[in-house]
Amino acid sequence: MSVDGSGRLAQFAAKYRLPFVLLSDRGGTVAARYGSLLNLGLLKLARRNSFLIDPQGRIAKVYLAVSAANNAQQVIDDLQQLK
């Protein structure tokens, strides 16, 4: 989820051929609820955090300031442990 608009997210997804939908949180409401909104007045940014949510809808793991290069493998490893 990103605070970027849906048009920008669609361009990003097309550029990188992402096989999933990116969600827009233009107002930053969801990012704020997850403690991930950086509000600089006129500029709102979402911190690069990831959340692993279990089948019951609870947050099982929080990854702060993640690196796109290795976060997917971290999540896969943690999913294996949740089984």
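User: Is Ser50 buried or exposed?

Analyst: In this predicted model, Ser50 counts as buried because its relative accessibility is 17%, where buried means under 20% relative accessible area, exposed over 50%, and partly exposed in between, using a 1.4 Å probe and protein chains only. Residues are numbered from 1 along each chain as its sequence is written, and side-chain values use heavy atoms, leaving out hydrogens and water. Local features need pLDDT of at least 70, side-chain atom pairs count only at pLDDT 80 or more, and totals for chains, interfaces and linings use all residues.

User: Which strand is Ser50 in?

Analyst: Ser50 is placed in strand β3, residues 50-53; helices (H or I, at least four residues) and strands (E, at least two) are DSSP runs, numbered from the N terminus.

User: And which residues does Ser50 touch?

Analyst: Not counting residues up to four places away in sequence, Ser50 touches Lys61, Val62, Tyr63, Val66 and Asn71, where contact means heavy atoms within 4.5 Å. With Asn71 there is also a polar contact of 2.8 Å between the two side chains, that is, a pair of N or O atoms within 3.5 Å, of which, within protein, one must be able to donate a hydrogen and the other to accept it, while residues adjacent in sequence count only if both atoms are side-chain atoms.

User: Where does Asn71 lie?

Analyst: Asn71 lies in helix α3, residues 71-82, and Asn71 is buried, with a relative accessible area of 10%.

User: Back to β3, which residues are on its covered face?

Analyst: Ser50 and Leu52 make up the covered face of β3, whereas Phe51 and Ile53 are on the uncovered one. In a regular strand the side chains alternate between the two faces of the sheet.

User: How many bridges join β3 to β4?

Analyst: Four bridges join these strands, β3 and β4, which run antiparallel; two strands pair if DSSP finds at least two bridges between them. The bridge partner of Phe51 in β4 is Val62, and Ile53 stands opposite Ile59.

User: What about the turn, how many residues lie between β3 and β4?

Analyst: The hairpin formed by β3 and β4 has five residues between the strands, and Gly57 in the turn has a positive phi of about 85°.

User: You mentioned Ile59, so how exposed is Ile59?

Analyst: Ile59, which lies in strand β4, residues 59-63, is partly exposed, with a relative accessible area of 45%.
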